[in-house]
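Me: I am new to this structure and would like a close look at one part of it. Could you take a pair of helices and follow the contacts from there in one connected account?

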Amino acid sequence: MIRNRSGERGRIPVLVVGTGATCDLFLRSLRAPAAQFKAIGIIDDARGTTELYFGDVRIVGSVRNPAALIAKLERLAERPEMLLLTEPVTHFDSDGIRRLLGWADGNGVRVSALPDIGTPRAAVDPRHVPVITIDPETILDRPQMRVQKSLLFQQFRDRRVLVTGGGGSIGSELARQLAALRPQELVLIESCELNAYNIDMALGQYFPDVPRKIYVSCIRNRERIDRIFTEHRPEFVFNAAALKHVPLVEMNPCDGVLTNIIGVRNVADAARRVGVLAMVQISTDKAVNTTNVMGATKRVAEFYCQAQDRATRATEEQTRFFVVRFGNVLGSSGSLIPLFQRQIAQGGPLTVTDPKMERYFMSIREAVELTLLSAAAGLAENSELGQIFVLDMGKPVRIMDLAERMIRMAGKVPGKDIEIKVVGIRPGEKLFEELFDANETVHPEVFPGVRGASPVGVPIAALRAVMHRLEAAAAAGDDRAVRHLLRSAVPGYEDPTHEPALVAPAPSHPLIRFPERSPIAVGAAV
């Protein structure tokens, strides 16, 4: 039996998950007369603590023994109305927390992250937990990977580092993590003035001693990129600049080519010219067996950096070119999680394109840490030339499940408090994304948390020829020619317009030989 304490009548009965400092502070807050909750039990993440007390509240079980825990929850003298998580979901055993949340869903027990501990009862309805901002990292149902920082310090400390797209979601996180490694100089190139301002302010506040230079410029401008590289002569370059929104790039294929292909060429060529130690190209799972312009442009960029890396051996130069490929990052600008957060705050509905749609997800922090690891370890261990580093993102997540989970994390009931509306797949989208192409040789783990892919590759001379034609078509605003040239350059990519070619195919090259493969199933993609 759970002990009843005086003064708790009318409060919301809750189970508190976790026994850290946040739990302790929350339990202390319950002593206030205006507290709106009462803790009827604690669920620990450790074994061997069941029936012990944390403060004056009994530990009823552990997520590491979910079967026994759920049996115990079924016998509680008082039914909880809510599970309050005192830590992100990723803090807990993944299987146990998944089963606990499933039990809560099946029993009508709401789930929420811990609200502000000092909220007075008079300020809110005591039967209603306010909607809170959801930390995107709590959405993952797997432990996040951590990187040992010693190798990163060895490679990046006192180095000159340049990041393109330095004010975007990935670029700004790269900038912050690199600044923490104390480089000699940090140079950022960002085309959006507001993004450049925001990251400049953040770096000035948190890393005032790290020398930095911010350029409001675009990687499409070859001459400007060359001047910046000549002035700063970076030792490491991270190219995070890209147009990444699938439907928008589908509507603007010329701009997709100019940024995602020609811009990458400009950065890579400048990197080789000034003798950069390593350039890292940020890629995407949408480049694999692609059905859209954005993915096709990123695939050509992969080809180019891979060819540049292999050319390093022939030219006996030192510059390495690494490609790091991963799926969706939680909380990035223009992505799914911020959209769901806004829709929850507005009372719904949440819009899902298709009930079967799945995506790979990773937090921005872990994606960037593993990207830095790939660059540092790839250089230190002299990794295979032309190999693509693919971040281990766990299992794909069904978007419908993600929407329901976020609603529950906000203390609401899916379909009752907040509706979920199916709106249909958008142009260029697939039901399922893939991390590896059918023609790539997969290496299970080249570094902790990082797998490898060895593509067939394309000779750099042939790539330069087709990229020249793409640049001319894109500069002329010829959308149809761009689509057909991409189809000729990217194996497996089909032009969704199915229009007859308006240009001759790109010149063939005797060394370009892509193995045959079966047609790609794209589900209900439009």
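Reply:
**The helix pair and its salt bridges**

Helix H9 (residues 253-274) and helix H10 (residues 293-315) have axes that come within 9 Å of each other and cross at roughly 15°, where helices are DSSP runs of H or I with at least four residues, numbered from the N terminus, and axes are lines fitted to C-alpha atoms over the stretch in contact, with angles from 0 to 180 degrees between N-to-C directions. H9 and H10 are therefore roughly parallel (an angle under 35 degrees). Their contact (heavy atoms within 4.5 Å) involves, among others, Val257, Ile261, Arg265 and Asp269 of H9, and Ala301, Tyr304 and Gln308 of H10.

The model is predicted, and local features need pLDDT of at least 70, side-chain atom pairs pLDDT 80 or more, while totals for chains, interfaces and linings use all residues. Residues are numbered from 1 along each chain as its sequence is written, and side-chain values use heavy atoms, without hydrogens and water.

Asp269 is buried at 13% relative accessibility (buried is under 20% relative accessible area, exposed over 50%, partly exposed in between, with a 1.4 Å probe and protein chains only), whereas Arg222 is partly exposed at 30%. Arg265 in turn pairs with Glu471 at 3.0 Å between the closest N and O atoms, joining H9 to helix H14 (residues 460-475), 206 residues apart. Here Arg265 is buried at 12%, while Glu471 is partly exposed at 25%.

Notes:
Helices (H or I, at least four residues) and strands (E, at least two) are DSSP runs, numbered from the N terminus. Angles under 35 degrees count as roughly parallel, over 145 as roughly antiparallel, 65 to 115 as roughly perpendicular and the rest as oblique. A salt bridge is a side-chain nitrogen of Lys or Arg within 4 Å of a carboxyl oxygen of Asp or Glu.
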